[in-house]
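Let's take a short tour of a protein model, one piece at a time. Have the structure open and follow along as we go.

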Amino acid sequence: MNTYRERVHQETARATVLRTIATRERRSHLSAPRVPTVGIDIGGTKVAAGVVDADGTILERIRAETPDKSKSPKVVEDVITELVLDLSDRHDVHAVGIGAAGWVDADRSRVLFAPHLAWRNEPLREALATRLAVPILVDNDANTAAWAEWRFGAGRGEDDLVMITLGTGIGGAALEDGRVKRGKYGVAGEFGHMQVVPQGHRCPCGNRGCWEQYSSGNALVREAREMAAADSPVAHTILARVGGRIDEITGPMITDLAREGDPMCVELLEEIGRWLGVGLANLAAALDPARFVVGGGVSAADELLLAPAREAFRRQLTGRGYRPEATIVRAELGADAGMVGAADLARLVARRFVRANRRRAERIHRAGLRVPLASSRTESRP
């Protein structure tokens with residue numbers, strides 16, 4: 001019985017802590033200390049870091065490539081540590097926020113799975129806390145990007161929104177009442193793996209017909225290469241552009257040719273856009289946001305992508321004509337969104353560092369020592 005009561009108490013305590021964090025998150029842009037923090041954006045081949053102020057301005061940015069032996073989690077942690085310490089030499093860093101491409105647990109401390117790194121149930125926050133003497137927050141990179149767009153970009157002024165990132169695949173995140181929806185286990189927002197075509201294209205996740213197989217950078221390039229491989233007359237321009245080397249066809253190249261008016265590339269972006277609209281209509285039925293923010297590399301096509309997406313969205317929307325319609329806009333912060341959002345979310349935990357420094361200064365003052373408060377730069381060293 002005692003064991004049961006202890007377990008219930010622990011679960012209740014954990015739920016209380018998570019609710020408290022969520023409440024703070026909703027009002028963080030009003031109450032969080034206006035101190036510089038570091039945002040980290042972790043990709044499969046690089047780690048980017050930047051010092052971000054309370055207005056979302058990047059004061060300095062640096063990056064490092066992750067070595068081939070990054071199959072070892074410690075290698076990436078070494079890179080993160082060196083970048084933070086480097087920035088700490090020139091800035092008064094109060095906290096570090098990390099946006100990781102993968103599933104992060106609800107406590108925002110452990111990376112459950114990262115598709116491009118060897119992180120499997122990796123206690124990232126704990127590993128870095130032993131090396132960096134500032135508070136650390138870990139989150140999914142789509143969540144941090146959505147937070148940044150809500151705070152400083154295309155989502156400003158709207159507390160209920162969904163962000164979709166169209167890159168190699170599809171990433172996603174949702175905000176409700178100004179709070180990121182992470183789900184019970186922290187892995188909400190995997191919209192790219194909603195099934196839209198039963199028994200459709202095989203997806204690397206192991207299923208078939210996932211949304212990202214029809215509306216993503218991979219889908220765009222796959223369709224273009226198939227047309228080129230079939231020696232279709234409409235593929236003449238893009239074949240000439242790559243000198244017949246089909247494997248050199250890329251998403252940005254397709255977008256550039258579409259801007260130049262190439263019919264095949266325009267048509268391919270329209271098709272990707274229509275599938276985007278179908279998926280957004282499904283999300284509207286489930287989540288009913290007021291705004292969709294579309295980011296990622298494919299969003300560089302702008303209205304070549306978004307115009308057909310809006311048309312398909314209106315055509316597929318449940319209850320069309322009898323309900324308010326969400327707006328669909330392009331993200332504003334580009335590749336910086338994940339870094340800026342991670343840094344801004346880290347400001348939630350920075351208050352602990354600020355208070356600890358204040359208490360330290362008070363203790364010194366009471367002791368009669370006139371020693372100035374040490375900056376976090378000096379305390380950031382392990």
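## Two helices that cross

To talk about two helices packed together, you give the angle between their axes and the distance between those axes. For the angle, each axis is a line fitted to C-alpha atoms over the stretch in contact, and the angle is taken between the N-to-C directions. Keep in mind that everything here comes from a predicted model.

Now try it on helix α8 (residues 251-259) and helix α9 (residues 263-287): their axes are 7 Å apart, and the angle is about 115 degrees. Angles from 65 to 115 degrees count as roughly perpendicular, and α8 and α9 are therefore described that way. Their crossing is left-handed. Which residues meet at this crossing? On the α8 side you'll find Ile254, Thr255, Leu257 and Ala258, and on the α9 side Cys265, Val266 and Leu269.

Next, look at helix α3 (residues 73-88). With 16 residues, α3 would be expected to span 22 Å, and the first and last C-alpha atoms are 23 Å apart, which is close. Is α3 largely enclosed or left open? Twelve of its 16 residues are buried, so α3 is largely enclosed by the rest of the structure. Among the buried ones are Val75, Val76, Val79, Ile80, Leu83 and Leu87, and the list also includes Glu77 and Thr81.

Helix α5 (residues 141-152) has twelve residues, and its end C-alpha atoms are 16 Å apart, which agrees with the 16 Å it should span. Eleven of those twelve residues are buried, so α5 is largely enclosed too. Its buried residues include Trp147, Trp150 and Phe152, as well as Glu149 and Arg151. At the start of α5, have a look at asparagine 140: one of its side-chain oxygens comes within 2.8 Å of the backbone nitrogen of alanine 142.

## A buried arginine

Arginine 347 sits in helix α11 (residues 337-366). Is arginine 347 buried or exposed? Buried means under 20% relative accessible area, and arginine 347 has 2%, so it counts as buried.

What does its side chain reach? A polar atom of the arginine 347 side chain is 2.9 Å from the backbone oxygen of valine 35. The side chain also makes a polar contact with the side chain of aspartate 344, at 2.6 Å. Leaving out residues up to four places away in sequence, arginine 347 touches Ala32, Pro33, Val35, Thr37, Val52, Asp53 and Ala54.

## Two aspartates in loops

Aspartate 177 isn't a glycine, but its phi is positive, at about 55 degrees. You'll find aspartate 177 in the loop between β10 (170-176) and β11 (179-180). With 47% relative accessibility, aspartate 177 counts as partly exposed.

Aspartate 231 also has a positive phi, near 55 degrees, again without being a glycine. Is aspartate 231 buried or exposed? Aspartate 231 is exposed, with a relative accessible area of 56%.

## Apart in sequence, but how far in space?

One last stop: arginine 179, which lies in strand β11. At 32% relative accessibility, arginine 179 is partly exposed. How many residues separate arginine 179 from tryptophan 147 in sequence? They are 32 residues apart along the chain, while their C-alpha atoms are 8.4 Å apart in space. Tryptophan 147, remember, is one of the buried residues of α5.

Conventions. Residues are numbered from 1 along each chain as its sequence is written. This is a predicted model: local features need pLDDT of at least 70, side-chain atom pairs count only at pLDDT 80 or more; totals for chains, interfaces and linings use all residues. Side-chain values use heavy atoms; hydrogens and water are left out. Helices (H or I, at least four residues) and strands (E, at least two) are DSSP runs, numbered from the N terminus. The expected span of a helix is 1.5 Å times one less than its number of residues. Buried means under 20% relative accessible area, exposed over 50%, partly exposed in between (1.4 Å probe, protein chains only). A polar contact is a pair of N or O atoms within 3.5 Å; within protein, one must be able to donate a hydrogen and the other to accept it, and residues adjacent in sequence count only if both atoms are side-chain atoms. Axes are lines fitted to C-alpha atoms, for helices over the stretch in contact, and angles run from 0 to 180 degrees between N-to-C directions. Angles under 35 degrees count as roughly parallel, over 145 as roughly antiparallel, 65 to 115 as roughly perpendicular and the rest as oblique. A crossing is left-handed if the near helix is turned anticlockwise from the far one by less than a right angle, and right-handed if clockwise. Contact means heavy atoms within 4.5 Å.
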